[in-house]
Amino acid sequence: MSNWTDQWFESWRDLLSHQPWQSTLEDWWRQFSRQGDSSSLPVFEKIAAQSHSFFQLGEELAKLDPGNSTGKDWQANMDRMFNELKQALDTPSSNQARNLFWQMPLANWQSMVSSMPGFSSDQLAAVGGQPAFDPQAKWEQLLSIPGLGYTRESQAGIQKLNRLTLDYLKTQQSYNNFFVEMSKESLDSMRERLKARVEDGAEPLKTVREFYDLWVDCSEAVYQARTMTDEYARLHGDRVNALMALKQQAAMMMDDWVDMMNMPTRREMDTINLRSQAARRTSKELEQRVEMLKRREADLTRQVTELCGRIERLSSGRSQTAVKKAPGRKKTSPKKAIRKQGAAETGKKPVNKIKLRGEKR
Amino acid sequence: MVTRIPFQLHPDKVSREMADFARKLGAGLSRLSGLGDLETGVTERDAVYGEDKLVLYRYKAAEQLDNLPRVPLLIVYALVNRPYMTDLQENRSMIRGLLDAGMDVYLIDWGYPDRADRFLTLDDYINGYIDRCVDAIRKLLGREKINLLGICQGGTFSLCYTATHQEKIKNLVTMVTPVDFRTADNMLTKSVEHVDIDLLVDTLGNVPGELLNWTFLNLKPFQLMGQKYVDMVDIIKDEKSARNFMQMEKWIFDSPDQAGEAFRQFVREFFHKNGLIAGGLRIGDRSIELGEIDIPLLNVYATQDHLVPPDSSRALKDLVGSADYQELPFDGGHIGIYVSGKSQKTIPPAIGGWLSERD
């Protein structure tokens with residue numbers, strides 16, 4: 001990366017006199033993308049995208065500033081400005097208002113969808129990016145996909161894929177419509193907030209940044225309220241479910257193609273992973289049981305060692321005593337001796353079993 | 001009479017503002033591009049146990065404050081995002097704060113699950129991984145019981161674990177932990193209300209981290225995906241602030257995929273069925289009854305948390321059987337509770353103090 005910051009300032013100096021700022025940013029961004037450190041590009045792209053919105057807002061405001069109006073004209077000017085933006089939202093071909101702000105959550109959805117497995121993201125972006133829904137056109141587009149294989153099942157699979165694609169596009173369209181309405185509501189909220197500022201005697205907003213921050217506040221407030229509704233929850237759920245159904249069908253077809261090429265399929269891998277996880281669970285359980293048995297064995301060994309020691313001590317003590325005892329007396333076995341001694345120590349009746357530490361009876 | 005107007009934007013001033021913004025943006029991007037590698041996790045640590053992709057770390061204190069043996073503290077972080085959030089930078093490290101408070105700190109790093117981990121269940125995570133980590137620490141130190149600190153989803157796991165393995169836990173701390181998943185202000189729950197979780201997991205296998213990121217960022221899309229980057233031009237004034245910004249950015253987007261089966265169970269049992277409140281929750285072959293928990297419990301929550309609403313965490317109070325239950329509210333958000341300057345001064349010392357009184 002050589003002198004890209006210099007190029008940045010230079011391009012600004014050249015273009016500040018005649019605007020627009022956003023195209024300056026785009027020019028610079030193209031230049032930077034070729035020279036910059038590729039690992040930093042994602043975050044730079046985000047910054048550039050938002051700066052783009054910010055610059056565009058500045059341009060729009062510079063054109064529509066009511067500050068030079070007299071009397072009550074500002075209100076008419078402002079109403080006109082907001083009405084123009086709302087009308088633009090209703091015009092699918094117009095990106096003016098959409099790109100200002102509200103496109104962002106939708107674009108991020110598209111980007112996120114691209115990262116998922118199961119279907120070519122480019123294909124989805126191509127069909128999903130159309131502003132209006134046209135079933136006939138979509139059918140033609142989808143039917144132009146070349147057929148694979150010649151069995152009835154595979155043809156049925158393609159038909160199902162087409163049907164699911166249409167389902168997804170419908171949900172996406174409903175979602176977009178909801179967003180357009182939400183965007184209009186944000187504009188209304190913005191207009192009301194501006195009017196309220198005047199009524200409250202607040203200082204006029206004097207920078208694009210102040211305007212931008214107010215815009216963010218209004219949009220966020222409307223978004224928070226609308227996304228907590230049942231309507232939104234249903235739209236969002238329908239869209240996700242439709243996308244998953246589509247991806248599932250695509251993944252199944254992909255698996256069939258992979259199988260035809262005699263390669264391992266996702267279904268097979270899942271089966272292996274499922275069995276592997278079950279085996280691993282069993283293995284861990286067995287490991288724990290072995291550990292427990294080892295502890296028991298160690299306990300047992302220790303107890304046996306202790307017992308042997310005591311037997312030895314008793315035996316040696318007894319042999320010394322036997323010398324002193326009268327002949328003919330019945331000999332006591334070492335085990336009985338231990339039990340008797342234990343009973344004498346504890347005052348309890350001797351038991352025949354050794355109870356292991358931690359063992360349940 | 002002077003007529004008031006809502007905004008007054010003169011073209012020349014707008015031009016100057018835009019030029020100024022562009023100048024700062026260029027300088028800021030220049031700083032960002034020269035940062036090089038971003039290190040994550042600053043406190044020295046040793047791996048003391050591991051299995052599969054999981055690693056259990058023990059953190060080293062900068063200096064031994066005293067020779068008193070402490071009850072070890074195990075941190076259980078969420079499966080979403082990475083646990084280095086608790087040890088982000090020298091001056092933004094909850095772990096460093098806990099060490100300074102005299103704690104013997106351990107943390108489970110779950111790693112990055114891949115397709116081979118798809119069939120890991122909540123039972124595997126809670127009664128398997130967490131239990132074996134607890135046992136590893138108990139064995140290492142020859143202790144019967146340890147302290148547990150669960151963060152966010154890790155807090156929910158810790159509650160389930162403690163309810164069924166209480167004989168191994170001395171004190172429990174939960175941080176920004178969802179308990180009641182169906183409070184009126186829970187946007188996450190609303191967003192998955194009509195999502196067919198079986199279809200989603202059956203289709204995707206593991207759930208991509210990208211999908212979770214998108215979900216979290218969409219709770220406040222205009223602030224988190226827009227305004228933040230416009231604000232950035234004023235924030236990154238020098239290399240240090242640029243590094244701070246990028247480290248946070250790295251953490252936000254460093255989102256591991258989620259093991260499919262565990263994700264399915266979590267959404268179904270907690271988001272859809274609200275199992276801790278409604279009852280009937282089972283993890284593996286164990287029934288979870290929070291009323292069984294009667295050990296001391298400290299519940300830390302953030303009053304401005306947009307991910308885990310305070311009411312969701314506070315619901316714990318009426319569910320557990322602990323006579324020694326305390327709450328610690330933090331005046332901030334879900335992320336600020338780990339990294340803000342205010343939290344560094346208050347949260348770790350408070351947790352340390354609370355635990356020390358009960359060790």
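Guide: Start with a definition: helices (H or I, at least four residues) and strands (E, at least two) are DSSP runs, numbered from the N terminus. A:Ser316 lies in helix H12 (residues 266-324) of chain A.

Visitor: What kind of model is this, and how are residues and chains labelled?

Guide: This is a predicted model: local features need pLDDT of at least 70, side-chain atom pairs count only at pLDDT 80 or more, and totals for chains, interfaces and linings use all residues. Residues are numbered from 1 along each chain as its sequence is written, while chains are lettered from A and ligands numbered from 1 in the order in which they are written.

Visitor: Is A:Ser316 buried or exposed?

Guide: Count C-beta atoms, placed from the backbone, within 10 Å of the residue's own: 20 or more others is buried, 12 or fewer is exposed, and in between is partly exposed. A:Ser316 has 10 such neighbours, so it counts as exposed. A:Leu286 is 30 residues from A:Ser316 in sequence and 44 Å away in space, C-alpha to C-alpha.

Visitor: How many helices and strands does chain B have?

Guide: Chain B has 14 helices and twelve strands. Buried residues make up 50% of its 359 residues.

Visitor: What radius of gyration does chain B have?

Guide: The radius is taken over C-alpha atoms, and the globule rule is 2.2 Å times the number of residues to the power 0.38. For 359 residues a compact globule would come near 21 Å; chain B has 22 Å, which agrees. Its C-alpha atoms fill a box of roughly 75 × 50 × 50 Å along the principal axes.

Visitor: What is the strand order in the sheet of chain B?

Guide: Two strands pair if DSSP finds at least two bridges between them. In chain B, eight strands form an open sheet, ordered E1-E2-E6-E3-E7-E8-E11-E12, with mixed pairing. Strands E1 (45-51) and E12 (325-330) of chain B stand at the edges with a single partner strand each, so one side of each has no neighbour in the sheet. The twist averages 20 degrees from one strand to the next.

Visitor: In which sense do E3 and E7 of chain B pair?

Guide: E3 (residues 73-76) and E7 (residues 146-151) of chain B pair in the parallel sense over four bridges. B:Ile75 has B:Leu149 in E7(B) as its bridge partner.

Visitor: How do I read a helix pair?

Guide: Two packed helices are described by the angle between their axes and the distance between the axes. Axes are lines fitted to C-alpha atoms, for helices over the stretch in contact, and angles run from 0 to 180 degrees between N-to-C directions. Take H3(B) and helix H4 (residues 153-164) of chain B: their axes come within 10 Å and cross at roughly 80 degrees. That makes H3(B) roughly perpendicular to H4(B) (under 35 degrees is roughly parallel, over 145 roughly antiparallel, 65 to 115 roughly perpendicular, the rest oblique).

Visitor: Which residues make the contact of H3(B) with H4(B)?

Guide: Contact needs C-beta atoms, placed from the backbone, within 7 Å. B:Tyr125, B:Ile126 and B:Ile130 of H3(B) meet B:Phe157, B:Cys160 and B:Tyr161 of H4(B).

Visitor: Where is B:Val176 found?

Guide: B:Val176 is in the loop between E8 and H5 of chain B. Its phi is positive, about 35 degrees, although it is not a glycine. B:Val176 is buried, with 27 other C-beta atoms within 10 Å.

Methods
Contact = placed C-beta atoms within 7 Å.
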